[in-house]
Amino acid sequence: MASSGRTYSGKEVAVHNSRESCWIIVHGKVYDVTDFLDDHPGGSKIILKYAGKDATAEYDPIHPPDAITTNLKPEKHLGSVDISTVEKVEVKITDEERARQERIAARPPLSEILNLHDFEAIAKYTMPEKAWAYYSSAADDEITNRENHAAFHRIWFRPRILKDVTKVNWSTTILGQKSSMPLYITATALGKLGHPDGELNLTRAAAKHGIIQMIPTLASCSFDEIMDAAAPDQVQFFQLYVNKDREITKRIVRHAEQRGIKGLFITVDAPQLGRREKDMRQKFEAEDPSEVSKADQGGIDRSQGAARAISSFIDPGLNWSDMAWFKSITKMPLILKGVQCWEDALEAYDIGLSGVVLSNHGGRQLDFARSGLEVLVEVTTKLKEKRGLSFPNEKFQLFIDGGVRRATDVMKAVALGATAVGVGRPFLYAYSAYGPEGIDQALQILHDEFEMNMRLLGARSIKEVVPEMVDSSNIHLHIVSVPSDNLYDSNYERLQGARLREIKNKL
(Lines give C-alpha, C1' and ligand atoms only; values in the text may rest on other atoms or scores of the structure.)
Protein backbone atom coordinates (compact mmCIF):
# COMPACT_ATOMS: atom_id res chain seq x y z
CA MET A 1 0.00 0.00 0.00
CA ALA A 2 1.48 3.31 -1.08
CA SER A 3 2.28 5.95 1.51
CA SER A 4 -0.35 8.57 2.24
CA GLY A 5 2.29 10.96 3.52
CA ARG A 6 2.43 9.58 7.04
CA THR A 7 5.18 10.75 9.35
CA TYR A 8 6.84 8.03 11.46
CA SER A 9 8.75 8.35 14.68
CA GLY A 10 12.30 7.11 14.96
CA LYS A 11 11.18 4.35 17.34
CA GLU A 12 8.64 3.04 14.81
CA VAL A 13 11.33 2.75 12.17
CA ALA A 14 13.91 1.29 14.55
CA VAL A 15 11.94 -1.93 15.18
CA HIS A 16 12.24 -2.85 11.48
CA ASN A 17 15.89 -3.79 11.85
CA SER A 18 16.06 -7.37 10.60
CA ARG A 19 16.29 -9.25 7.34
CA GLU A 20 12.61 -10.19 7.72
CA SER A 21 11.54 -6.53 7.98
CA CYS A 22 14.10 -3.96 6.93
CA TRP A 23 13.33 -0.25 6.79
CA ILE A 24 15.87 2.52 6.27
CA ILE A 25 15.81 6.30 6.36
CA VAL A 26 17.34 8.34 3.51
CA HIS A 27 17.04 12.13 3.43
CA GLY A 28 14.22 12.10 5.95
CA LYS A 29 12.13 9.56 4.05
CA VAL A 30 11.31 6.01 5.15
CA TYR A 31 11.68 3.08 2.76
CA ASP A 32 10.87 -0.61 3.09
CA VAL A 33 13.83 -2.36 1.44
CA THR A 34 13.11 -5.89 2.71
CA ASP A 35 12.40 -7.29 -0.75
CA PHE A 36 15.31 -5.37 -2.28
CA LEU A 37 18.05 -6.81 -0.06
CA ASP A 38 19.21 -9.54 -2.44
CA ASP A 39 18.82 -7.32 -5.51
CA HIS A 40 21.03 -4.52 -4.18
CA PRO A 41 24.12 -4.41 -6.45
CA GLY A 42 26.34 -3.87 -3.39
CA GLY A 43 24.76 -6.78 -1.52
CA SER A 44 22.48 -6.87 1.51
CA LYS A 45 25.31 -6.46 4.01
CA ILE A 46 25.58 -2.68 3.82
CA ILE A 47 21.78 -2.19 3.92
CA LEU A 48 21.37 -4.42 6.97
CA LYS A 49 24.03 -2.43 8.75
CA TYR A 50 21.61 0.51 8.67
CA ALA A 51 18.37 -1.44 9.15
CA GLY A 52 15.99 0.69 11.21
CA LYS A 53 18.42 3.62 11.07
CA ASP A 54 19.32 6.71 9.05
CA ALA A 55 21.47 5.51 6.11
CA THR A 56 21.87 8.91 4.44
CA ALA A 57 25.57 9.37 5.24
CA GLU A 58 26.46 5.98 3.75
CA TYR A 59 24.05 6.34 0.83
CA ASP A 60 25.05 9.78 -0.45
CA PRO A 61 28.63 9.29 -1.71
CA ILE A 62 27.83 6.34 -4.00
CA HIS A 63 24.24 6.96 -5.14
CA PRO A 64 22.49 9.69 -7.10
CA PRO A 65 19.75 11.22 -4.91
CA ASP A 66 17.00 9.57 -6.99
CA ALA A 67 18.50 6.05 -6.98
CA ILE A 68 16.31 4.73 -4.18
CA THR A 69 13.09 6.20 -5.54
CA THR A 70 13.87 4.85 -9.01
CA ASN A 71 14.64 1.30 -7.87
CA LEU A 72 11.92 0.80 -5.27
CA LYS A 73 8.25 0.32 -6.10
CA PRO A 74 6.03 3.26 -5.01
CA GLU A 75 4.35 1.18 -2.30
CA LYS A 76 7.75 0.77 -0.63
CA HIS A 77 8.00 4.55 -0.13
CA LEU A 78 6.43 4.61 3.31
CA GLY A 79 6.49 8.29 4.20
CA SER A 80 8.56 10.75 6.21
CA VAL A 81 10.25 10.52 9.58
CA ASP A 82 10.46 13.02 12.40
CA ILE A 83 14.22 13.46 12.31
CA SER A 84 14.27 14.83 15.87
CA THR A 85 13.16 11.39 17.10
CA VAL A 86 15.72 9.36 15.13
CA GLU A 87 18.57 7.94 17.15
CA LYS A 88 21.83 9.10 15.69
CA VAL A 89 24.09 6.39 14.28
CA GLU A 90 27.19 6.53 16.42
CA VAL A 91 30.14 7.60 14.35
CA LYS A 92 33.35 6.31 15.84
CA ILE A 93 36.41 8.27 14.87
CA THR A 94 39.11 5.71 14.29
CA ASP A 95 42.81 6.25 14.77
CA GLU A 96 43.15 6.10 10.98
CA GLU A 97 40.57 8.86 10.49
CA ARG A 98 42.18 10.98 13.18
CA ALA A 99 45.51 10.62 11.41
CA ARG A 100 43.88 11.55 8.09
CA GLN A 101 42.45 14.73 9.60
CA GLU A 102 45.93 15.64 10.81
CA ARG A 103 47.26 15.15 7.28
CA ILE A 104 44.50 17.41 5.93
CA ALA A 105 45.54 20.10 8.39
CA ALA A 106 49.12 19.75 7.15
CA ARG A 107 48.32 20.36 3.47
CA PRO A 108 50.50 22.97 1.76
CA PRO A 109 48.70 26.17 0.76
CA LEU A 110 47.05 26.04 -2.65
CA SER A 111 49.55 28.60 -3.94
CA GLU A 112 52.27 25.94 -3.61
CA ILE A 113 50.43 23.52 -5.92
CA LEU A 114 52.21 24.04 -9.22
CA ASN A 115 50.98 21.21 -11.45
CA LEU A 116 48.36 18.45 -11.68
CA HIS A 117 50.75 15.90 -10.18
CA ASP A 118 50.78 17.94 -6.97
CA PHE A 119 47.02 17.57 -6.51
CA GLU A 120 47.33 13.81 -6.85
CA ALA A 121 50.14 13.72 -4.29
CA ILE A 122 48.05 15.58 -1.70
CA ALA A 123 44.84 13.66 -2.48
CA LYS A 124 46.66 10.37 -1.94
CA TYR A 125 47.33 11.27 1.69
CA THR A 126 44.16 13.19 2.53
CA MET A 127 41.35 11.19 0.89
CA PRO A 128 39.57 8.36 2.73
CA GLU A 129 41.30 5.10 1.87
CA LYS A 130 38.31 3.58 0.07
CA ALA A 131 37.85 6.70 -2.03
CA TRP A 132 41.53 6.76 -3.05
CA ALA A 133 41.38 3.05 -3.86
CA TYR A 134 38.38 3.53 -6.15
CA TYR A 135 39.72 6.60 -7.96
CA SER A 136 43.29 5.37 -8.42
CA SER A 137 42.70 1.69 -9.12
CA ALA A 138 43.16 0.09 -12.51
CA ALA A 139 43.01 -3.39 -14.02
CA ASP A 140 45.23 -6.36 -13.13
CA ASP A 141 48.92 -5.34 -12.97
CA GLU A 142 48.02 -1.75 -13.94
CA ILE A 143 50.39 -1.84 -16.91
CA THR A 144 47.97 0.03 -19.18
CA ASN A 145 47.30 2.60 -16.49
CA ARG A 146 50.99 3.50 -16.46
CA GLU A 147 51.35 3.15 -20.23
CA ASN A 148 48.65 5.78 -20.79
CA HIS A 149 50.96 8.35 -19.26
CA ALA A 150 54.26 6.88 -20.49
CA ALA A 151 53.09 6.96 -24.12
CA PHE A 152 53.26 10.75 -24.11
CA HIS A 153 56.99 10.46 -23.36
CA ARG A 154 57.57 8.77 -26.70
CA ILE A 155 56.35 11.84 -28.59
CA TRP A 156 58.85 14.68 -28.99
CA PHE A 157 58.28 18.23 -30.19
CA ARG A 158 59.74 19.93 -33.28
CA PRO A 159 59.22 23.61 -32.36
CA ARG A 160 59.14 26.38 -34.97
CA ILE A 161 60.92 29.69 -34.31
CA LEU A 162 60.65 33.36 -35.21
CA LYS A 163 56.88 33.42 -35.18
CA ASP A 164 55.09 36.44 -33.71
CA VAL A 165 53.61 34.77 -30.66
CA THR A 166 52.66 37.95 -28.81
CA LYS A 167 49.09 36.66 -28.90
CA VAL A 168 48.32 32.96 -28.77
CA ASN A 169 44.88 31.35 -28.78
CA TRP A 170 44.26 27.76 -27.69
CA SER A 171 40.46 27.81 -27.87
CA THR A 172 38.69 25.40 -30.20
CA THR A 173 35.34 23.83 -31.07
CA ILE A 174 34.28 20.34 -30.02
CA LEU A 175 31.34 18.83 -31.92
CA GLY A 176 30.56 22.38 -33.02
CA GLN A 177 30.59 23.73 -29.44
CA LYS A 178 33.04 26.37 -28.24
CA SER A 179 35.69 25.46 -25.67
CA SER A 180 38.40 27.65 -24.17
CA MET A 181 40.87 24.74 -24.39
CA PRO A 182 41.15 21.59 -26.52
CA LEU A 183 40.09 19.46 -23.56
CA TYR A 184 36.92 18.45 -21.75
CA ILE A 185 36.14 17.01 -18.33
CA THR A 186 35.56 13.36 -19.07
CA ALA A 187 33.07 11.16 -17.24
CA THR A 188 34.17 9.67 -13.91
CA ALA A 189 31.90 7.88 -11.44
CA LEU A 190 31.17 8.48 -7.75
CA GLY A 191 32.24 12.10 -7.47
CA LYS A 192 31.04 12.43 -3.87
CA LEU A 193 33.68 10.00 -2.66
CA GLY A 194 36.10 12.91 -2.91
CA HIS A 195 33.88 15.83 -1.86
CA PRO A 196 30.27 16.26 -0.63
CA ASP A 197 29.34 18.32 -3.72
CA GLY A 198 30.69 15.65 -6.07
CA GLU A 199 30.23 16.35 -9.77
CA LEU A 200 28.73 19.78 -9.06
CA ASN A 201 32.31 20.96 -8.46
CA LEU A 202 33.07 20.03 -12.06
CA THR A 203 29.90 21.64 -13.43
CA ARG A 204 30.64 24.97 -11.79
CA ALA A 205 34.31 24.96 -12.74
CA ALA A 206 33.52 24.05 -16.36
CA ALA A 207 31.15 27.02 -16.59
CA LYS A 208 33.67 29.39 -15.01
CA HIS A 209 36.53 28.32 -17.29
CA GLY A 210 34.57 27.86 -20.52
CA ILE A 211 35.14 24.14 -21.01
CA ILE A 212 32.73 21.22 -21.47
CA GLN A 213 31.77 18.68 -18.82
CA MET A 214 30.78 15.15 -19.78
CA ILE A 215 28.16 14.00 -17.27
CA PRO A 216 28.62 10.35 -16.20
CA THR A 217 25.86 7.75 -15.95
CA LEU A 218 27.24 6.70 -12.56
CA ALA A 219 27.54 10.16 -11.03
CA SER A 220 26.94 10.59 -7.31
CA CYS A 221 24.68 13.52 -8.14
CA SER A 222 21.58 12.97 -10.23
CA PHE A 223 21.57 13.99 -13.89
CA ASP A 224 18.95 16.67 -13.31
CA GLU A 225 20.79 17.99 -10.26
CA ILE A 226 23.89 18.50 -12.42
CA MET A 227 21.91 20.07 -15.27
CA ASP A 228 20.11 22.39 -12.86
CA ALA A 229 23.47 23.56 -11.47
CA ALA A 230 24.76 24.51 -14.93
CA ALA A 231 25.07 28.11 -16.04
CA PRO A 232 22.67 29.40 -18.72
CA ASP A 233 23.71 28.04 -22.14
CA GLN A 234 26.50 25.93 -20.59
CA VAL A 235 27.46 23.09 -22.95
CA GLN A 236 27.46 19.56 -21.55
CA PHE A 237 27.89 16.08 -22.98
CA PHE A 238 26.54 12.84 -21.53
CA GLN A 239 28.33 9.49 -21.10
CA LEU A 240 26.01 6.50 -21.38
CA TYR A 241 26.36 3.01 -20.00
CA VAL A 242 23.78 1.01 -21.95
CA ASN A 243 21.23 -0.74 -19.75
CA LYS A 244 20.10 -4.28 -20.49
CA ASP A 245 16.58 -2.85 -20.42
CA ARG A 246 16.46 -0.77 -23.60
CA GLU A 247 13.37 1.10 -22.47
CA ILE A 248 15.39 2.49 -19.56
CA THR A 249 18.15 3.48 -21.96
CA LYS A 250 15.66 5.12 -24.31
CA ARG A 251 14.16 7.13 -21.46
CA ILE A 252 17.60 8.29 -20.29
CA VAL A 253 18.72 9.30 -23.80
CA ARG A 254 15.56 11.20 -24.64
CA HIS A 255 15.58 12.98 -21.30
CA ALA A 256 19.21 14.00 -21.87
CA GLU A 257 18.32 15.39 -25.28
CA GLN A 258 15.34 17.31 -23.87
CA ARG A 259 17.60 18.86 -21.23
CA GLY A 260 19.94 20.14 -23.95
CA ILE A 261 22.85 17.69 -23.96
CA LYS A 262 25.01 18.32 -27.05
CA GLY A 263 26.70 14.95 -27.51
CA LEU A 264 26.02 11.35 -26.47
CA PHE A 265 29.16 9.35 -25.67
CA ILE A 266 28.26 5.64 -25.61
CA THR A 267 30.73 3.58 -23.56
CA VAL A 268 31.68 0.45 -25.53
CA ASP A 269 34.69 -0.91 -23.62
CA ALA A 270 32.89 -2.27 -20.54
CA PRO A 271 30.89 -5.42 -21.38
CA GLN A 272 32.43 -6.64 -18.11
CA LEU A 273 34.37 -4.63 -15.59
CA GLY A 274 38.08 -5.22 -15.21
CA ARG A 275 39.54 -6.53 -11.95
CA ARG A 276 40.63 -3.43 -10.05
CA GLU A 277 42.48 -4.97 -7.18
CA LYS A 278 43.11 -1.87 -5.07
CA ASP A 279 39.36 -1.32 -5.03
CA MET A 280 38.60 -5.00 -4.48
CA ARG A 281 40.90 -5.29 -1.45
CA GLN A 282 38.85 -2.69 0.39
CA LYS A 283 36.07 -5.26 0.73
CA PHE A 284 38.19 -7.63 2.81
CA GLU A 285 38.38 -5.41 5.88
CA ALA A 286 34.81 -4.86 7.04
CA GLU A 287 33.35 -7.36 9.47
CA ASP A 288 29.81 -8.55 8.93
CA PRO A 289 27.22 -7.07 11.27
CA SER A 290 25.33 -9.70 13.24
CA GLU A 291 22.31 -9.57 10.95
CA VAL A 292 24.49 -10.40 7.95
CA SER A 293 26.11 -13.29 9.75
CA LYS A 294 22.65 -14.75 10.37
CA ALA A 295 21.49 -14.12 6.80
CA ASP A 296 21.75 -16.52 3.91
CA GLN A 297 23.88 -14.61 1.41
CA GLY A 298 23.22 -16.96 -1.48
CA GLY A 299 26.87 -17.21 -2.47
CA ILE A 300 27.08 -13.60 -3.69
CA ASP A 301 30.71 -12.49 -4.07
CA ARG A 302 31.36 -9.44 -1.89
CA SER A 303 34.99 -8.96 -2.92
CA GLN A 304 34.52 -6.97 -6.10
CA GLY A 305 34.83 -3.43 -4.76
CA ALA A 306 32.79 -0.29 -5.38
CA ALA A 307 33.08 -0.47 -9.16
CA ARG A 308 31.41 -3.86 -9.47
CA ALA A 309 28.73 -2.93 -6.95
CA ILE A 310 27.40 -0.02 -9.01
CA SER A 311 27.60 -1.45 -12.53
CA SER A 312 25.68 -4.73 -12.66
CA PHE A 313 23.08 -3.26 -15.05
CA ILE A 314 25.49 -2.75 -17.99
CA ASP A 315 24.56 -4.79 -21.07
CA PRO A 316 27.31 -7.15 -22.30
CA GLY A 317 25.24 -7.80 -25.43
CA LEU A 318 25.69 -4.29 -26.87
CA ASN A 319 26.80 -4.56 -30.52
CA TRP A 320 27.13 -2.70 -33.81
CA SER A 321 23.51 -3.36 -34.81
CA ASP A 322 22.36 -1.29 -31.81
CA MET A 323 23.79 1.87 -33.37
CA ALA A 324 20.90 2.09 -35.86
CA TRP A 325 18.50 1.99 -32.89
CA PHE A 326 20.35 4.82 -31.17
CA LYS A 327 20.10 6.89 -34.35
CA SER A 328 16.35 6.27 -34.36
CA ILE A 329 15.80 7.60 -30.83
CA THR A 330 17.96 10.75 -30.81
CA LYS A 331 19.34 13.50 -32.99
CA MET A 332 22.30 14.12 -30.70
CA PRO A 333 25.77 13.46 -32.17
CA LEU A 334 26.74 9.86 -31.34
CA ILE A 335 30.32 9.11 -30.27
CA LEU A 336 31.69 5.71 -29.27
CA LYS A 337 33.77 5.94 -26.10
CA GLY A 338 36.36 3.18 -25.75
CA VAL A 339 37.50 2.42 -29.31
CA GLN A 340 40.91 0.72 -29.27
CA CYS A 341 41.88 -0.07 -32.88
CA TRP A 342 41.62 1.50 -36.33
CA GLU A 343 39.24 -1.15 -37.64
CA ASP A 344 36.54 -0.14 -35.16
CA ALA A 345 37.15 3.56 -35.78
CA LEU A 346 36.66 2.92 -39.50
CA GLU A 347 33.43 1.02 -38.82
CA ALA A 348 32.14 3.93 -36.72
CA TYR A 349 32.92 6.33 -39.56
CA ASP A 350 31.31 4.12 -42.17
CA ILE A 351 28.00 3.86 -40.29
CA GLY A 352 27.80 7.63 -39.92
CA LEU A 353 28.68 8.27 -36.29
CA SER A 354 30.10 11.64 -35.28
CA GLY A 355 33.34 10.42 -33.77
CA VAL A 356 35.15 8.11 -31.39
CA VAL A 357 37.05 8.40 -28.13
CA LEU A 358 40.22 6.32 -28.41
CA SER A 359 40.32 5.13 -24.84
CA ASN A 360 41.00 2.11 -22.63
CA HIS A 361 38.86 3.39 -19.74
CA GLY A 362 41.81 4.88 -17.87
CA GLY A 363 43.52 1.49 -17.79
CA ARG A 364 40.64 0.09 -15.73
CA GLN A 365 39.43 -2.57 -18.19
CA LEU A 366 41.75 -4.79 -20.29
CA ASP A 367 45.31 -4.63 -19.06
CA PHE A 368 47.87 -4.36 -21.90
CA ALA A 369 45.42 -2.44 -24.05
CA ARG A 370 47.38 0.26 -25.83
CA SER A 371 47.19 3.94 -24.99
CA GLY A 372 44.71 6.19 -26.76
CA LEU A 373 47.65 8.23 -28.02
CA GLU A 374 49.20 5.24 -29.79
CA VAL A 375 45.85 4.22 -31.27
CA LEU A 376 45.40 7.81 -32.48
CA VAL A 377 48.52 7.57 -34.65
CA GLU A 378 47.25 4.29 -36.08
CA VAL A 379 43.72 5.60 -36.73
CA THR A 380 44.77 8.78 -38.52
CA THR A 381 47.15 6.82 -40.72
CA LYS A 382 44.68 4.08 -41.64
CA LEU A 383 41.63 6.30 -42.15
CA LYS A 384 43.62 8.50 -44.51
CA GLU A 385 44.75 5.40 -46.37
CA LYS A 386 41.30 3.76 -46.47
CA ARG A 387 38.97 6.77 -46.82
CA GLY A 388 41.19 9.73 -47.66
CA LEU A 389 40.42 11.46 -44.37
CA SER A 390 42.66 14.06 -42.75
CA PHE A 391 42.46 15.10 -39.12
CA PRO A 392 41.26 17.02 -37.23
CA ASN A 393 38.03 16.47 -39.15
CA GLU A 394 34.78 18.31 -38.45
CA LYS A 395 32.56 15.48 -39.72
CA PHE A 396 34.29 12.67 -37.79
CA GLN A 397 36.11 13.80 -34.68
CA LEU A 398 38.77 11.89 -32.78
CA PHE A 399 39.24 12.21 -29.02
CA ILE A 400 41.56 10.47 -26.60
CA ASP A 401 41.76 10.22 -22.83
CA GLY A 402 43.97 8.65 -20.19
CA GLY A 403 47.22 9.71 -18.55
CA VAL A 404 47.05 13.44 -19.28
CA ARG A 405 48.87 15.56 -16.70
CA ARG A 406 50.25 18.51 -18.70
CA ALA A 407 49.11 20.89 -21.43
CA THR A 408 51.97 19.47 -23.50
CA ASP A 409 50.22 16.08 -23.41
CA VAL A 410 47.11 17.69 -24.88
CA MET A 411 49.12 19.53 -27.54
CA LYS A 412 50.79 16.30 -28.66
CA ALA A 413 47.38 14.69 -29.15
CA VAL A 414 46.09 17.73 -31.04
CA ALA A 415 49.16 17.74 -33.29
CA LEU A 416 48.46 14.10 -34.12
CA GLY A 417 44.85 14.77 -35.15
CA ALA A 418 42.72 14.77 -32.01
CA THR A 419 40.00 17.41 -31.73
CA ALA A 420 40.26 17.40 -27.95
CA VAL A 421 41.41 15.33 -24.99
CA GLY A 422 39.40 14.08 -22.01
CA VAL A 423 40.80 14.69 -18.52
CA GLY A 424 39.27 12.85 -15.57
CA ARG A 425 41.24 11.76 -12.51
CA PRO A 426 43.34 14.95 -12.12
CA PHE A 427 40.19 17.02 -11.61
CA LEU A 428 38.84 14.53 -9.06
CA TYR A 429 42.11 14.73 -7.16
CA ALA A 430 42.05 18.54 -7.33
CA TYR A 431 38.70 18.92 -5.62
CA SER A 432 39.26 15.95 -3.32
CA ALA A 433 42.39 17.62 -1.99
CA TYR A 434 41.28 21.26 -1.95
CA GLY A 435 37.56 21.47 -2.75
CA PRO A 436 36.18 23.75 -5.48
CA GLU A 437 39.19 26.05 -5.17
CA GLY A 438 41.35 23.08 -6.13
CA ILE A 439 39.73 22.50 -9.49
CA ASP A 440 39.84 26.24 -10.16
CA GLN A 441 43.58 26.14 -9.57
CA ALA A 442 43.97 23.03 -11.73
CA LEU A 443 42.29 24.69 -14.70
CA GLN A 444 44.28 27.88 -14.20
CA ILE A 445 47.49 25.82 -14.20
CA LEU A 446 46.50 24.27 -17.53
CA HIS A 447 45.62 27.71 -18.88
CA ASP A 448 49.09 29.00 -17.98
CA GLU A 449 50.79 25.90 -19.40
CA PHE A 450 48.93 26.28 -22.71
CA GLU A 451 49.94 29.92 -23.02
CA MET A 452 53.61 29.17 -22.37
CA ASN A 453 53.85 26.07 -24.54
CA MET A 454 51.96 27.53 -27.51
CA ARG A 455 54.59 30.26 -27.62
CA LEU A 456 57.50 27.89 -27.19
CA LEU A 457 56.15 25.57 -29.88
CA GLY A 458 55.68 28.47 -32.29
CA ALA A 459 51.92 28.03 -32.69
CA ARG A 460 49.59 31.04 -32.56
CA SER A 461 46.38 29.01 -32.67
CA ILE A 462 45.29 25.41 -32.26
CA LYS A 463 45.08 25.11 -36.05
CA GLU A 464 48.84 25.73 -36.17
CA VAL A 465 49.53 22.75 -33.88
CA VAL A 466 50.15 20.35 -36.76
CA PRO A 467 51.72 16.87 -37.26
CA GLU A 468 55.00 18.40 -38.45
CA MET A 469 55.50 19.80 -34.94
CA VAL A 470 55.92 16.36 -33.35
CA ASP A 471 58.08 13.29 -33.84
CA SER A 472 55.94 10.20 -33.21
CA SER A 473 58.31 7.64 -34.72
CA ASN A 474 58.75 5.80 -31.40
CA ILE A 475 55.09 5.65 -30.37
CA HIS A 476 54.69 1.93 -31.16
CA LEU A 477 57.83 0.88 -29.26
CA HIS A 478 56.64 -0.40 -25.91
CA ILE A 479 60.08 -1.15 -24.52
CA VAL A 480 62.08 1.98 -25.11
CA SER A 481 64.14 4.33 -23.00
CA VAL A 482 62.07 7.31 -21.90
CA PRO A 483 62.85 10.03 -19.38
CA SER A 484 61.89 9.09 -15.85
CA ASP A 485 58.91 11.11 -14.64
CA ASN A 486 59.61 11.54 -10.94
CA LEU A 487 56.41 13.43 -10.14
CA TYR A 488 54.18 10.80 -11.73
CA ASP A 489 56.16 7.88 -10.32
CA SER A 490 56.09 9.26 -6.79
CA ASN A 491 52.28 9.41 -6.89
CA TYR A 492 51.81 5.95 -8.35
CA GLU A 493 50.94 3.55 -5.57
CA ARG A 494 52.37 0.12 -6.21
CA LEU A 495 49.99 -2.82 -6.14
CA GLN A 496 50.16 -4.89 -2.98
CA GLY A 497 50.01 -8.65 -2.92
CA ALA A 498 48.15 -10.66 -0.30
CA ARG A 499 49.48 -9.98 3.19
CA LEU A 500 49.03 -11.43 6.64
CA ARG A 501 46.70 -9.58 8.94
CA GLU A 502 48.45 -7.73 11.74
CA ILE A 503 49.27 -10.23 14.49
CA LYS A 504 50.67 -9.92 17.96
CA ASN A 505 54.23 -10.88 18.63
CA LYS A 506 54.34 -14.50 19.77
CA LEU A 507 57.21 -13.86 22.16
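How many bridges join strand 11 to strand 12? The legends below take up this question first, and then turn to other close-up views.

The structure is a predicted model, in which local features need pLDDT of at least 70 and side-chain atom pairs count only at pLDDT 80 or more, while totals for chains, interfaces and linings use all residues. Residues are numbered from 1 along each chain as its sequence is written, and side-chain values use heavy atoms, with hydrogens and water left out.

**View 1**
Strand 11 is joined to strand 12 by 4 bridges, and the two run parallel. Helices (H or I, at least four residues) and strands (E, at least two) are DSSP runs, numbered from the N terminus, and two strands pair if DSSP finds at least two bridges between them. Within this pairing, I266 has L336 of strand 12 as its bridge partner. Strand 10 (residues 236–240) also runs parallel to strand 11, to which 3 bridges join it; here Q239 is partnered by F265. Strand 12 (residues 334–339) is in turn joined by 4 bridges to strand 13 (residues 355–358), again in parallel, and V339 stands opposite L358. Strands of a sheet pair through backbone hydrogen bonds, either parallel or antiparallel.

**View 2**
Buried means under 20% relative accessible area, exposed means over 50%, and partly exposed lies in between (1.4 Å probe, protein chains only). In a regular strand the side chains alternate between the two faces of the sheet. Strand 12 is mostly covered, with 6 of its 6 residues buried.

**View 1. The surroundings of V253.**
V253 is placed in helix 11. Because its relative accessible area is 0%, V253 is classed as buried. Apart from its neighbours within four places in sequence, V253 is in contact (heavy atoms within 4.5 Å) with L240, L264, F326, I329, T330 and M332. The C-alpha atoms of V253 and L240 are separated by 8.2 Å, and the two residues are 13 residues apart along the chain.

**View 2. The nonpolar cores.**
The largest nonpolar core has 103 residues, and F326, L373 and F427 have the most contacts inside it. A nonpolar core is a set of buried Ala, Val, Leu, Ile, Met, Phe, Trp, Tyr and Cys residues joined through side-chain atoms within 4.5 Å. Leaving aside neighbours within four places in sequence, L373 is in contact with A151, F152, I155, I400, A413, L416 and I475. A second, separate core of 16 residues includes Y31, V33, I47 and Y59. In soluble globular proteins, nonpolar side chains tend to be buried together.

The structure holds 21 salt bridges, each being a side-chain nitrogen of Lys or Arg within 4 Å of a carboxyl oxygen of Asp or Glu. In one of them, the side chains of K208 and D440 meet at 2.7 Å, N to O. K208 lies in helix 9 (residues 200–209) and D440 in helix 20 (residues 436–457), so this pair ties together parts that are 232 residues apart in sequence. K208 counts as exposed because its relative accessibility is 60%, whereas D440, at 22%, is partly exposed. Another salt bridge joins R246 and D322, whose closest N and O atoms are 3.2 Å apart. This pair links distant parts of the chain, with R246 in helix 11 (residues 246–258) and D322 in helix 15 (residues 322–329), 76 residues apart. D322 has a relative accessible area of 12% and is therefore buried.

Strand 1 runs parallel to strand 4 (residues 77–81), and 2 bridges join them. The bridge partner of Y8 in strand 4 is V81.
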